[in-house]
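Here is a guided walk through one protein model for someone meeting it for the first time. Keep the sequence and the 3D view open as you read.

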Amino acid sequence: MATIMEGSLSKWTNVMKGWQFRWFVLDDNAGLLSYYTSREKMIRGVRRGCVRLKGAVIGIDDEDDSTFTITVDSKTFHFQARDADEREKWIRALEDTILRHAHKLRWDPSKPAPSVQDFDKKLVEADAYLQILIDQIEALEDRIDKMQDPSDKSHGLHIRDHANSLLENVKHSIVLLQIAKNTAHPVNGIFQPATSSYTLNDSSPTSKQDSGPDMASLTSTVVHTGIEMGAECVANIPPSSPSGGPPVPPGSLPLSLSALSVTGGAHRPSMTLLVPDISYSSSEDEDFYDANDYTSTPNSVHSGLPLFSSASELDAAGRTSASPLGRRESEASSASQAHGLGHGAGAVGLGAAGPGRGSIAGEQRRHGVPPLLSDGSLDYDALYEDEDESDLGPMEAHGSVVTHLLSQVKIGMDLTRVVLPTFILERRSLLEMYSDYFAHPDYFLKIADFKDPRDRMVQVVRWYMSAYHAGRKSSVAKKPYNPILGEIFYCHWNVPDISTGNEPLVTDGPVPWCDRNQLTFIAEQVSHHPPISAFYAEHYNKRISFCAHVWTKSKFLGLSVGVHNIGQGCVSVLEYDEEYIVTFPNGYGRSILTVPWIELGGPVTIACAKTGFNATIEFHTKPFYGGKKHRISGEVFQPGEKKPFLSISGEWNGSMHSKWADGRTELFLDVNEIPIIKKEVRPISDQDEMESRRLWKEVTAGLRLNDIDKATNAKTELEQRQREEAKDRKERNLRWETKCFRETGDNWVYVAPLIARLSRNGTTGTTDPHAASEQR
């Protein structure tokens, strides 16, 4: 056994028993992580359970630096190290072992084992290659001896050293072939491993070894191992029957290794007991598994992900085959559109364009006849307004793509530059997704209506906590398009109870075709590497605006993807010369191997420097051993106070309740009971070339019509154009110039904010006309 690491870890058993100390041994050759109740039991060989690492996926929690998970065979095992450094050592060793075994093929038991003739043939071939290599090295040495130039001679010696190393490897391979031959076809039908000894009906491991085996008794005698094995190890492994028939049910194999019983030179199965086909534990019925995330049907295979050799096979499987894990309802339909899973692979709110693809009239198209204009052309605007997103279903249906992606990344790797497949895309750009912060524009505008600074602070918190549930109602999380550099998105809202149409247009505002009573919004992709988006919203008559920038930094966490949203936003209430600085939560794409969903996590702050009011909001991630999803809590403080005058708790995609300092409790907010106000976007035919919906219209059409090839080609064309433009700028030594935002220190601000325009016109109501023109 090639043990590359061993030591103590804690393993989660269940809610009653919690974490339990275990001694772990990582066997790199076998691809096994075995565990024991103690180091002494490990020395005796009493294994408590094991985790098979072939096809396993390591996962970590970005908010906990000591725990990690291993998911394999439709189970998730939870482990805890002493500290972050120890976890890092285990994860790196485990990843190396998983990678080593990723491309190894397991012996198909339905096929005959290699015969003696097969081994002899390979040995002859290897010996021939060895002789050729020896002859070439001798010729090389003769040539080196005749070289006069020192440089050439040094180069020749370097080549000779490499050739000698190759020669030693070939020799070693021949030895391994001989060992494999003797293992598969042992002399006299008995396999005698060098590190173990066997007994024949005797408890002593050496009682008959000196005198040699009694061949007459072999046909009726069971060979026992000299290693003491725990009963749970035998009971939980489904080994093959000695006759080569179907697997023996768990628990039916006696403690003696009947698989080693042989007669004469007949073929016998290999020792599958040491490397089980599936991972197992000593208490399968007690150990905690993510049952909601990893549920298999009786027909499912333990490897979890079916593999396809080509895109056509993948697509055909998506059209004709049910997922190995079956269809299940997602628990996170309302969470699938959470803000914050932004650019690059960090936007892994995974979704899909549906199971089929093809012509407009295809019967397998999920949404029926596409929207058409009167002239028969495709109505691109209607494609964007159609909020019915088709389900991807469990990710196993796209196993080869997901497996390929996972093979390219490691735990903690930055995913900003990782290109994800088209089938997981949502039909809109990330810039458009940021407009969901104003899905309830009336809540935003009410901030400016309150006369008391305390009430304004509470309303800022209420608006902020209402901003994360809006979006398309899909049963799985989806990934918006990565904006290209220079992309812009415009929209506006007609706010209820505020009349429009009678006010003059704000021609110098962010959306010049809108009037003073409409809330306007603009977003621009100001940087590609790193990916930074900036957006700005204002209402002219209410004298309120919001400016923000977000740098999405993504990280691979094994079974999930974490996105750190770096940046801040500023609510400017011009009438009172107040600025409220807000930060953003992190986003997590969970269960990327099954039905992906999104949750938010991490602390958020809201603070007004002028009034001194501040708030802390915590987005809670779901603990693995219980608890609810999407929980949120918050506290609002008066200036200089350490005790909050308002506490809030609930779910950010549901109801939230408040408790005041005087003991009053009441409903603070229920996002499911307030209507989402639909944004207005001008027709694509009137849009500029770099506006989001016009840029991505062919990708959107391909996804909407389930034509993945069309969507992929259109997406690739946009990305390639961006690369060529970047290359041209580099060659010409040109710097990219943004259009609507400028960089000021660590922030990005709108070039013509409302307060600056009002100050120029002499109509501002602020005491300091320049105070709110810059982000702090």
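A residue is called buried when its relative accessible area is under 20%, exposed when that area is over 50%, and partly exposed in between, using a 1.4 Å probe and protein chains only. By that rule Arg543 is buried, because its relative accessible area is 16%. Before going further, note that this is a predicted model, where local features need pLDDT of at least 70 and side-chain atom pairs count only at pLDDT 80 or more, while totals for chains, interfaces and linings use all residues. Residues are numbered from 1 along each chain as its sequence is written, and side-chain values use heavy atoms, with hydrogens and water left out.

You'll find Arg543 in the loop between β14 and β15 (544–556).

Asn733 lies in the loop between α14 (708–731) and β25 (741–744), and it counts as exposed because its relative accessibility is 71%.

Then there's the peptide bond between His529 and Pro530, which is cis, with omega at about 5°. Pro530 has its place in the loop between β13 and β14.

One more loop to look at is the one between β21 (631–637) and β22 (646–651), where Glu641 sits. Glu641 has a relative accessible area of 48%, so it is partly exposed. Its C-alpha atom is 9.7 Å from that of Asn614, although Glu641 and Asn614 are 27 residues apart along the chain.

**Rings that pair up**

A pair of aromatic rings is described by the distance of the centres and the angle of the planes. Rings of Phe, Tyr and Trp (its six-membered ring) pair if their centres lie within 6.5 Å; planes under 30 degrees apart count as stacked, over 60 as edge-to-face and the rest as tilted. How many aromatic pairs does this rule give? The count comes to 28.

Trp463 and Tyr464 make an edge-to-face pair, 6.4 Å centre to centre with 75° between the planes. Both Trp463 and Tyr464 are buried. Phe521 and Phe535 form a tilted pair instead, at 5.9 Å centre to centre and 35° between the planes. This pair links distant parts of the chain, with Phe521 in strand β13 (residues 518–527) and Phe535 in strand β14 (residues 532–539), 14 residues apart. Phe521 is buried because its relative accessibility is 0%, and Phe535 is buried because its value is 1%.

**Salt bridges**

Side chains of opposite charge can pair when their charged atoms come close. A salt bridge here is a side-chain nitrogen of Lys or Arg within 4 Å of a carboxyl oxygen of Asp or Glu. The structure holds 26 of these salt bridges. Three of them are set out here:

| Salt bridge | N to O distance |
|---|---|
| Asp436 and Arg428 | 2.8 Å |
| Arg456 and Glu578 | 2.5 Å |
| Glu666 and Arg664 | 4.0 Å |

Arg456 lies in helix α11 (residues 453–465) and Glu578 in strand β17 (residues 578–582), so their pair ties together parts that are 122 residues apart in sequence. Arg456 and Glu578 are both buried. Asp436 is buried because its relative accessibility is 7%, and Arg428 is buried because its relative accessible area is 3%. Glu666, at 34% relative accessibility, therefore counts as partly exposed, and so does Arg664, at 40%.

Salt bridges that share partners also join Glu385, Glu432, Lys678, Lys679 and Arg693 into one network.

**Patches on the surface**

Patches are made of residues with over 30% relative accessible area and no salt bridge; like charges are joined within 9 Å, and nonpolar side chains (Val, Leu, Ile, Met, Phe, Trp, Tyr) within 5 Å. Accessible areas come from the Shrake-Rupley method with a 1.4 Å probe, and for residues only the protein chains shown count as cover.

Val175, Leu176 and Ile179 form a nonpolar patch, with about 260 Å² of accessible area together. Leu176 lies in helix α4 (residues 150–184) and is partly exposed, because its relative accessible area is 43%.

How values were computed:
Helix = DSSP H or I, 4+ residues; strand = E, 2+ residues; numbered from the N terminus.
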